[in-house]
Amino acid sequence: MAFSRSELRSLVNEIHRVLRPGGLFVYTVWSTADPCFGRCTDIGDGLAAKDGFAGRFFDLDLIHELAERWELGGADPYEEGPEPRRLWRVTQAKPAPKS
C-alpha cells in the first residue's frame with residue numbers, strides 16, 4: 001500500500017497491459033472516510049503511517065484517476081473489523097478492443 005502516486009499509476013497500467021480484454025481487476029483500499037484518515041503521521045506524497053504500517057487513503061478522485069483506461073464497474077464503500085475500518089471495493093474491467 002505504500003506506493004507513490006506514480007508507482008500506483010505504473011502498477012495499474014501494468015495490470016491493464018497483462019489482463020485479457022474483458023478481464024476484471026478488483027481491489028480494496030482504505031477510504032478517506034476512515035476514522036484514522038488525518039490522524040496518522042503524514043510521510044509525504046499522500047502516504048500515512050501508523051503503528052509501523054504505511055499506506056494511502058483513497059478518495060473517489062484517485063479511484064477515477066486510476067480507472068482512466070478501464071470501465072469502472074463500481075467503487076463501493078464498505079466497513080470491516082471491530083473498529084470498523086472504512087474501505088473501498090473497486091471493480092473495473094479492461095475494455096474489449098473496438099472492431
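Trainee: Is Phe 37 buried, partly exposed or exposed?
Mentor: Phe 37 is partly exposed, at a relative accessible area of 43%. Keep in mind that this is a predicted model.

Trainee: Okay, back up a bit. How many helices and strands does the protein have?
Mentor: There are 2 helices and 6 strands. Along the sequence the pattern reads α-β-β-β-β-α-β-β.

Trainee: And the overall dimensions? What box do the C-alpha atoms fill?
Mentor: Roughly 50 × 25 × 20 Å, taken along the principal axes.

Trainee: What share of the residues counts as buried?
Mentor: Of the 99 residues, 32% count as buried.

Trainee: Let's do aromatics. How many aromatic pairs are there?
Mentor: The structure has 5 aromatic pairs. Take Trp 30 and Phe 57: the ring centres are 4.9 Å apart and the planes sit at 35 degrees, so this pair is tilted.

Trainee: Which parts of the chain does that pair tie together?
Mentor: Trp 30 is in strand β1, residues 24-31, and Phe 57 is in strand β4, residues 53-58. The pair therefore links parts 27 residues apart in sequence.

Trainee: Trp 30 and Phe 57, then. Which is buried, and which is partly exposed?
Mentor: Phe 57 counts as buried, because its relative accessibility is 10% and the cut-off is under 20%. Trp 30 is partly exposed, with 23%.

Trainee: Where does Phe 37 come in? What is the geometry of its pair with Phe 57?
Mentor: Those two rings have their centres 5.4 Å apart and their planes at 65 degrees, so the pair is edge-to-face. Phe 37 lies in the loop between β1 and β2 (41-44), while Phe 57 is in β4, so this contact joins parts 20 residues apart in sequence.

Trainee: Which residues make up the aromatic cluster?
Mentor: Trp 30, Phe 37, Phe 53 and Phe 57 form one cluster.

Trainee: Which strands supply at least two lining residues each?
Mentor: β3 (47-50) and β4 do.

Trainee: How does the lining split by class?
Mentor: It has 6 nonpolar, 3 polar and 5 charged residues.

Trainee: What about the core? How many residues does the largest nonpolar core have?
Mentor: That core has 13 residues. Phe 25, Tyr 27, Phe 58, Ile 63, Leu 66 and Trp 88 have the most contacts inside it.

Trainee: Which elements give two or more residues to this core?
Mentor: α1 (5-18), β1, α2 (60-66) and β6 (85-93). As a general rule, nonpolar side chains in soluble globular proteins tend to be buried together.

Note on methods:
Residues numbered from 1 in each chain as written. Predicted model: local features only at pLDDT ≥ 70, side-chain atom pairs only at ≥ 80, totals over all residues. Heavy atoms only, no water. Phe/Tyr/Trp six-rings, centres within 6.5 Å; stacked < 30°, edge-to-face > 60°. Helix = DSSP H or I, 4+ residues; strand = E, 2+ residues; numbered from the N terminus. Buried < 20%, exposed > 50% of the residue type's maximum accessible area, 1.4 Å probe, protein only. Nonpolar A, V, L, I, M, F, W, Y, C, P; charged D, E, K, R; others polar. Core = buried A, V, L, I, M, F, W, Y, C linked by side-chain atoms within 4.5 Å.
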